[in-house]
Amino acid sequence: MRILVIGAGVLGSNLTHSIKKGNDVVLLARNKTYENLKKYGLVIKHKLGRKNTDHFKVISKLEDDDIYDVIFIVSRCSQLDTIIPIIENNKSKNVVLVGNNLNAEKYAKIKDKNVLFAFFMAAGKKYDGYINSVCLNKITIGRIDGKNTDDEFIKLIFKETKVKAIIENKMNDYLKTHGCAVLPLVFASYKVDGDLKLLKKDKEYSLLIMDAIIEGYDVLKKLGYEILPKGEYENCVNKKEKYALIYRIMFSCFIGKMCISDHAMSAREEFLLLNSEFEKLKKKSKLETKDYDKLKLSLLNYNK
């Protein structure tokens, strides 16, 4: 397939590298990132593997009549409103929005587009000229209306690639679940100015994170959303101490930095938006979230 990936950050770069086999992939980037990609190629230093350098066709602008089988928009949700108008003017039909999103309903009906949503399992940090990351080559992708009309199309995209695609056609529920799980961990990053190792022995705080996650899930359940993947809610409630221990272990090593704090500390505007979207859901549910509210102050009060 002819595929365009918009966004050359950690997720976009890893996705571009991982879907290259069997596809004709083009990468859209701008400014210094565009220049680096043209000059040096896409350089990814895998924390758990080797260094890769790929050379893709790189563009800095999407023309209206430049047609692709699918366009992946890999960006922070706080940047989507500036990207969508560009997509609306292009004649490509299929669009996949990749990343955190607590308001998928807003973007599900882009004019004349078939819109899918996805979450790609990669993390890390972007440096000048290269990406330092961990990538699990796993993507959860699908519609938000429960219909399976795009299942075969999705399978074709990833058929020859190294990516394991999990089709989930309740992506609105999935992304809301993920948002409620990730926000308390992000709040922890702001509490310690990105140095999560300071929390590696704080059992009380890790249990507070679990309680905040469960409160978020309760809000979603009250509003009729399904907690996905299946069993996630029950695991958090019944195995709270185990999950809290896992978080403390993550905080103590590079996983916490690469998978949580690197993103949190570089994307405060994204998490302010996600928190705002959650507040709307909470207000609608009429439920209290005392533990969540206690933790979120670290995000709201962080000014660096």
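This is a predicted model: local features need pLDDT of at least 70, side-chain atom pairs count only at pLDDT 80 or more; totals for chains, interfaces and linings use all residues.
1. Consider α6 and α7 to begin with, whose axes come within 9 Å and cross at roughly 150 degrees. Because angles over 145 degrees count as roughly antiparallel, α6 and α7 are roughly antiparallel to each other, and α6 passes α7 in a right-handed crossing. On the α6 side the contact uses Lys-176, Thr-177, Cys-180, Ala-181, Pro-184, Leu-185, Phe-187, Ala-188 and Lys-191, and these meet Tyr-205, Ile-209, Ala-212, Ile-213, Gly-216, Tyr-217 and Leu-220 of α7. By class, the residues of this contact divide into twelve nonpolar, two polar and two charged.

2. Helix α6, which covers residues 171-191, also packs against helix α11, residues 268-285, at an angle of about 125 degrees and with the axes 10 Å apart. That angle makes α6 oblique to α11, and the crossing of α6 and α11 is left-handed. From α6 the contact takes Lys-176, Cys-180, Leu-183, Val-186, Phe-187 and Tyr-190, while α11 contributes Arg-268, Phe-271, Leu-274, Asn-275, Phe-278 and Leu-281. Nine nonpolar residues, one polar residue and two charged residues make up the contact of α6 with α11. A student tracing α6 in the model may like to find Lys-176, Cys-180 and Phe-187, which take part in the contact with α7 and also in the contact with α11.

3. Helix α11 has a further partner in helix α12, residues 290-300, and these two pack at an angle of about 150 degrees with their axes 11 Å apart. That makes α11 roughly antiparallel to α12, and α11 passes α12 in a left-handed crossing. The residues of α11 in this contact are Arg-268, Phe-271, Leu-272, Asn-275, Phe-278, Glu-279 and Lys-282, and they meet Tyr-292, Asp-293, Lys-296, Leu-299 and Leu-300 in α12. The contact of α11 with α12 has six nonpolar, one polar and five charged residues.

4. Two places in the backbone deserve a careful look, given that most residues other than glycine have a negative phi and most peptide bonds are trans. The peptide bond from Leu-228 to Pro-229 is cis, with omega near 0 degrees, and Pro-229 belongs to the loop between α7 (203-222) and α8 (232-238). Asp-112, a residue other than glycine, has a positive phi, near 60 degrees, and is found in the loop between α4 (104-107) and β8 (114-127).

5. How many cavities of 30 Å³ or more does a search of the whole structure find? The search finds one, and the volume of the largest cavity is about 50 Å³. Its lining consists of Ile-73, Ser-75, Cys-77, Leu-80, Leu-97, Val-98, Gly-99, Asn-100 and Asn-101. Sorted by class, this lining has five nonpolar and four polar residues, with no charged residues.

6. Finally, the second largest pocket holds about 150 Å³ of space. Its lining is made of 15 residues, of which Thr-33, Lys-126, Tyr-127, Gly-129 and Tyr-130 are the closest to its centre. At least two lining residues come from each of α2 (31-40), β3 (42-46), β8 and β9 (130-142), and α2 gives the most, with four residues. The lining of the second largest pocket divides into seven nonpolar, five polar and three charged residues.

Key
Residues are numbered from 1 along each chain as its sequence is written. Side-chain values use heavy atoms; hydrogens and water are left out. On a 1 Å grid over the protein atoms alone, a cavity is a set of points where a 1.4 Å probe fits but cannot get out, and a pocket is an open set with protein on both sides within 12 Å along at least five of seven lines; lining residues have an atom within 4 Å of a point. Grid points are joined across faces, edges and corners, and a volume is the space filled by probe spheres set on the points. Ala, Val, Leu, Ile, Met, Phe, Trp, Tyr, Cys and Pro count as nonpolar, Asp, Glu, Lys and Arg as charged, and the others, Gly among them, as polar. Axes are lines fitted to C-alpha atoms, for helices over the stretch in contact, and angles run from 0 to 180 degrees between N-to-C directions. Angles under 35 degrees count as roughly parallel, over 145 as roughly antiparallel, 65 to 115 as roughly perpendicular and the rest as oblique. A crossing is left-handed if the near helix is turned anticlockwise from the far one by less than a right angle, and right-handed if clockwise. Contact means heavy atoms within 4.5 Å.
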